Amino acid sequence: MDNFVTNAAKYSPADTIIAVNLTRDDDGNAVLAVLDQGAGISAEDKSHVFERFYRSANVRGTVPGTGLGLAIANQLATINNGRIKLRDNQPHGTIAELILPLATTKERHQLNES
């Protein structure tokens, strides 16, 4: 979540709104979404943003960063049986979603007992 909000602030104009939503999808997963109104991510860049050290040519040298944030976030999501999804926010911007499975009642009960 920190990476999503940081990226949204870094790549959006200062006078725009960044929204954070927490919902449940049709499969019962928790979905944390961060919506920004920045320039968005090109289709070409979307296929690379989860690679370590990848930075889009249009921000290299102008926006600080290492190109590790989304790679690390994606790895953490995977370790926790989740995934990250990036979508366009119309008319411009990005929606970054962290999708994680919710614990069942039985799993929560087992956690409380241990």
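This is a predicted model: local features need pLDDT of at least 70, side-chain atom pairs count only at pLDDT 80 or more; totals for chains, interfaces and linings use all residues.

Now the loop. Ser56 sits between helix H2 (43-46) and H3. Is Ser56 buried or exposed? Ser56 is buried, because its relative accessible area is 14% and the cut-off for buried is under 20%. The side chain of Ser56 has a partner: a polar contact of 2.7 Å joins it to the side chain of Asp45.

Phe53 belongs to the loop between H2 and H3 as well. Its relative accessible area is 57%, so Phe53 is exposed; the cut-off is over 50%. The backbone of Phe53 stands out too. Its phi is near 70 degrees, a positive value in a residue other than glycine. Most residues other than glycine have a negative phi.

Two other loops deserve a look. Asn81 lies between H3 and S3. Asn81 has a positive phi of about 60 degrees, although it is not a glycine. With a relative accessible area of 64%, Asn81 is exposed. Pro91 is in the loop between S3 and S4. The peptide bond from Gln90 to Pro91 is cis, with omega near 10 degrees. Most peptide bonds are trans.

The protein has four helices and four strands. Along the sequence they follow the pattern α-β-β-α-α-β-β-α. The C-alpha trace spans about 50 × 25 × 20 Å along its principal axes. Of the 114 residues, 32% count as buried. Among contacts between residues at least 6 apart in sequence, 48% join residues at least 24 apart.

Now the core. The largest nonpolar core has twelve residues, among them Phe4, Leu32, Val49, Leu70, Ala77, Ile84 and Leu98. H3 gives the most, with three. Beyond its neighbours within four places in sequence, Leu98 is in contact with Phe4, Ala30, Val31, Leu32, Ala77, Arg83 and Ile84.

Then the pockets. The largest holds about 670 Å³ of space. It is lined by 32 residues; Asn7, Tyr11, Ile41, Val49 and Leu70 lie nearest its centre. Val49 and Leu70 are also members of the largest nonpolar core. H1, H3 and S4 each supply at least two residues of this lining, and H1 gives the most, with six. By type, the lining divides into 15 nonpolar, 13 polar and four charged residues.

The second largest pocket has a volume of about 180 Å³. Its lining includes Met1, Asn3, Phe4, Gly69, Ile72, Leu76, Asn80, Ile84 and Leu98. H1, H3 and S4 are the elements that give two or more residues to that lining. Here H3 gives the most, with five residues. This lining has nine nonpolar residues, three polar and no charged. Phe4, Ile84 and Leu98 turn up again: they line this pocket and belong to the largest nonpolar core.

Conventions:
Residues are numbered from 1 along each chain as its sequence is written. Side-chain values use heavy atoms; hydrogens and water are left out. A nonpolar core is a set of buried Ala, Val, Leu, Ile, Met, Phe, Trp, Tyr and Cys residues joined through side-chain atoms within 4.5 Å. Buried means under 20% relative accessible area, exposed over 50%, partly exposed in between (1.4 Å probe, protein chains only). Contact means heavy atoms within 4.5 Å. On a 1 Å grid over the protein atoms alone, a cavity is a set of points where a 1.4 Å probe fits but cannot get out, and a pocket is an open set with protein on both sides within 12 Å along at least five of seven lines; lining residues have an atom within 4 Å of a point. Grid points are joined across faces, edges and corners, and a volume is the space filled by probe spheres set on the points. Ala, Val, Leu, Ile, Met, Phe, Trp, Tyr, Cys and Pro count as nonpolar, Asp, Glu, Lys and Arg as charged, and the others, Gly among them, as polar. A polar contact is a pair of N or O atoms within 3.5 Å; within protein, one must be able to donate a hydrogen and the other to accept it, and residues adjacent in sequence count only if both atoms are side-chain atoms.
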